[in-house]
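Subject: Structure handover

Hi,

Here is the structure for you to look over. My notes follow below it.

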Amino acid sequence: MQRALDFDKTPALGVPLPFFLNVPLFGLLAGLLATWTGPQAFSSRWAAQALALTHLWTLGILGSAMLGALIQILAVACNVPVTPARAVARSVHALLTLGTLALAAGFLWWAPWAWTSAVILLGLAFGIYLTALGRALWLHRAQVYKGAREILVPVRGALLALALTVALGLIMAAALGLGTGLPTWVDSHVLWGLLGWGGLLLMGMSFQLLPIFQLTELYPKPLTRWLPLLIPGLLLAWTALNASTGLPRLMLETVELLLTGAYVTWIAASLHRLATRKRPTAEPTTLFWFTGLACLLACAPAWVWMRHGQAPQAAMVLGVLLIVGGLGAIIHGMLYKIVPFLLWKHAQDAMVIPARDPGQARVYLKVLPKMAAYIPERPAQWHWALYVLVVLSWTLAAAGWTPAGQAAGPLLLASALLLAWNLGRALRLYRQTLQAMAALPHHAAYAQAQPR
């Protein structure tokens, strides 16, 4: 695996950024809904409000960030550019945003028009996305960077899991819209979505991003080689056993235990690398990674509680730990690394230095902020502390504690507002930087001299 990324292959800023900006947007919507419904949203995993909140999280917050980040990472880490990137990103972003809103409306109001709209919009969004990425992986298979295999294997598995998750979800949503019986595929839809699409993609990204941005040791080769192959096999085995009748329940639970063990192995390796990283201080992204991995590790006893305990809330707690605590925390942490870097990189690319004039370069450097200036550490650390409270409140609310259910919505609202403020501040600084560079005498004169 290479420790370097080819940032010359970075897509245009308008490709991943709208997906990342969906995170605070849908965080606000989920916070408003949780505030409005209160503890009722955590009463059962089958409650309409709980289903709407789940998909605002999985599609609006997590899904948006993951779709945008994957386009970025395939280009710079694997030499697999998606084309036409702008057209694909714009159409998928618009369809995903509207489709997620329609799906949430379908759960809240149980309206056939909402289900039908969601099926059409989300089917188009994921159809375009999967087709574009599948085409890119095929066309550029010969030019893939030599050290990118550790990323591509889990990415391919994640995309296959996404396709199956989407297919199952669309069939169930269409059944609800038509008023027919709901297929008994809910558990498969959840497992392939969270452990297949979410888990495999996160695992693949960690193999590359932790060594580069957190200055950790590389993951052991046997782990990067076999875990991304083992997990899809176990998911297929679970699906087959779950669909079978007459087989001992122990067989299904054994596969679940092996799945849990596979992910615990990766989590333990990741925590060890973060604990022994060469970067001396724990930046906000590091804190979010620690929080997310700790929540994912807590999913193991939560699974045992769900399978062998008597509490009906165990499944809710497990879902919150996976979605809000594990995937959610790490996604937020990655935003605090990716967004400032992209803004800094594209501001650098906007420099115009005729004949490589070193004097002009020095003039630019006076107005070009450092990457750390886009989102300072202190506001990002405040957001991490607030997000920890979000995770605690949502977990306790899922466990049935009424005061936590009342606090969960307002805390998520505050978290989303702070994230929106931090990202908005970074975008303002980026625009101000472009304006300052455009006002430089050499830049203005050079721009006016260019043929139109």
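Start with Lys 337: this residue is buried, with a relative accessible area of 15%. Keep in mind that the model is predicted.

Salt bridges

The structure holds 5 salt bridges. Three of them are described here.

Lys 337 pairs with Glu 283 through their side chains, at 2.9 Å from N to O. Lys 337 sits in helix α10 (residues 314–349), while Glu 283 is in the loop between α8 (249–275) and α9 (284–308), so the bridge ties together parts 54 residues apart in sequence. Glu 283 also counts as buried, at 10% relative accessibility.

Helix α10 holds another pair, Lys 345 and Asp 349. Their side chains meet in a salt bridge at 2.7 Å, N to O. They are 4 residues apart, about one turn of the helix. Lys 345 counts as buried at 10% relative accessibility, whereas Asp 349 is partly exposed, with a relative accessible area of 46%.

Then there is Asp 187 with Arg 45, a salt bridge at 3.6 Å, N to O. This pair links distant parts of the chain, 142 residues apart: Asp 187 in helix α6 (residues 186–213) and Arg 45 in the loop between α1 and α2 (48–78). Asp 187 is partly exposed, with a relative accessible area of 39%. Arg 45 counts as partly exposed too, at 30%.

Helix packing

How do α5 and α7 cross? The axes of α5 (residues 149–178) and α7 (residues 221–243) come within 9 Å, at roughly 10 degrees. Angles under 35 degrees count as roughly parallel, so α5 is roughly parallel to α7. On the α5 side, Arg 149, Glu 150, Val 153 and Pro 154 make the contact; they meet Thr 224, Arg 225, Pro 228 and Leu 229 in α7.

Helix α13

Ser 415 is in helix α13. It is buried, with a relative accessible area of 1%. Leaving out residues up to four places away in sequence, Ser 415 touches His 383, Leu 386, Tyr 387 and Val 390.

Ala 407 is partly exposed, at 28% relative accessible area.

Surface

Leu 25, Leu 29, Leu 32, Leu 98 and Leu 101 form a nonpolar patch, with about 410 Å² of accessible area together. Helices α1 (17–37) and α3 (85–109) each give two or more residues. The most come from α1, with 3.

Best wishes

Methods. Residues are numbered from 1 along each chain as its sequence is written. This is a predicted model: local features need pLDDT of at least 70, side-chain atom pairs count only at pLDDT 80 or more; totals for chains, interfaces and linings use all residues. Side-chain values use heavy atoms; hydrogens and water are left out. Patches are made of residues with over 30% relative accessible area and no salt bridge: like charges are joined within 9 Å, nonpolar side chains (Val, Leu, Ile, Met, Phe, Trp, Tyr) within 5 Å. Accessible areas come from the Shrake-Rupley method with a 1.4 Å probe; for residues, only the protein chains shown count as cover. A salt bridge is a side-chain nitrogen of Lys or Arg within 4 Å of a carboxyl oxygen of Asp or Glu. Buried means under 20% relative accessible area, exposed over 50%, partly exposed in between (1.4 Å probe, protein chains only). Axes are lines fitted to C-alpha atoms, for helices over the stretch in contact, and angles run from 0 to 180 degrees between N-to-C directions. Angles under 35 degrees count as roughly parallel, over 145 as roughly antiparallel, 65 to 115 as roughly perpendicular and the rest as oblique. Contact means heavy atoms within 4.5 Å.
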